[in-house]
Amino acid sequence: MTKSQIWVAAFIGVFGILFLIQQMTTDKGSYTAGSSYEESTTGMNQSNSGGEPDAKALIATLGCMNCHGGNLEGTQMGPSLVNMKEYYNKETLIAYLRNPEGNMSAARFNDYKKKYPGGLMPGFGNRDVKELGKIADYLLER
Ligand code: HEC
């Protein structure tokens, strides 16, 4: 081998090694990304099973039960939320939760005003619409 042939061989060798290292690191990278993606989706599926635990937890943390009762059966502070599917679909229920005052045209709200003079349904427009969707799904299933 001449001196220049040795240089060429060395270059090819170095590039080969760099190529292998690159393959190994990209493989590793996509493997971790893949497995953590799987973890996060299985995690979501677990907490979402049935949709109920999530919605119930949200209803507890947002204080709905304080006025609507532990089983949402109604208290002196707020009406029963048992038959919401008679009045709402998911979209209109989310709209109501986001802005109750702007969605009080139905006749029963006149009764509510008399029945719960001290209480007014607070708006939840500052919450994630996805969360309100879960609550809506839950209320409409009852
Ligand atoms: C401060 C007490 C209070 C809290 C907290 C509260 N509500 Fe209400 N809610 C009311 C009152 C009072 C009404 C009756 C309408 C009115 O007077 O504003 C009402 C009405 C409603 C209605 C409409 C019922 C109908 O017949 O159309 C829904 C649905 C509802 N609330 C869901 C919720 C959910 C879900 C939460 C928690 C995210 C919640 N409320 C938290 C007091 C409350």
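The model is predicted, so local features need pLDDT of at least 70 and side-chain atom pairs count only at pLDDT 80 or more, while totals for chains, interfaces and linings use all residues. Residues are numbered from 1 along each chain as its sequence is written, and side-chain values use heavy atoms, with hydrogens and water left out.

**Exercise 1.** Identify the protein donors of the iron atom of the ligand and the geometry of its site.

*Solution.* Begin with the donors (N, O and S atoms within 2.8 Å of the metal, or 3.2 Å for Na, K and Ca): H68, through NE2, and M121, through SD, lie 1.9 to 2.1 Å from the iron atom. H68 is in helix α3 and M121 in the loop between α5 (108–115) and α6 (129–141), so the pair ties together parts 53 residues apart in sequence. Next, the six donor atoms make angles of 88 to 180°, and the site is octahedral (six donors, opposite ones over 155 degrees apart and all others between 65 and 115).

**Exercise 2.** State whether H68 is buried or exposed, and classify M121 likewise.

*Solution.* Buried means under 20% relative accessible area, exposed over 50%, and partly exposed in between (1.4 Å probe, protein chains only). H68, at 9%, is therefore buried, whereas M121, at 22%, is partly exposed.

**Exercise 3.** Determine how the buried residues of α5 are arranged about its axis.

*Solution.* The buried residues in α5 are R108, F109 and Y112. Viewed down the helix axis, they fall within an arc of 95°, so they line one face of α5. Among the elements covering these buried residues is α4.

Notes:
Four donors count as tetrahedral if all angles lie between 85 and 135 degrees; four count as square planar and six as octahedral if opposite donors are over 155 degrees apart and all others between 65 and 115; anything else is irregular. Helices (H or I, at least four residues) and strands (E, at least two) are DSSP runs, numbered from the N terminus. The arc is that of the directions from the helix axis to the C-beta atoms. Contact means heavy atoms within 4.5 Å.
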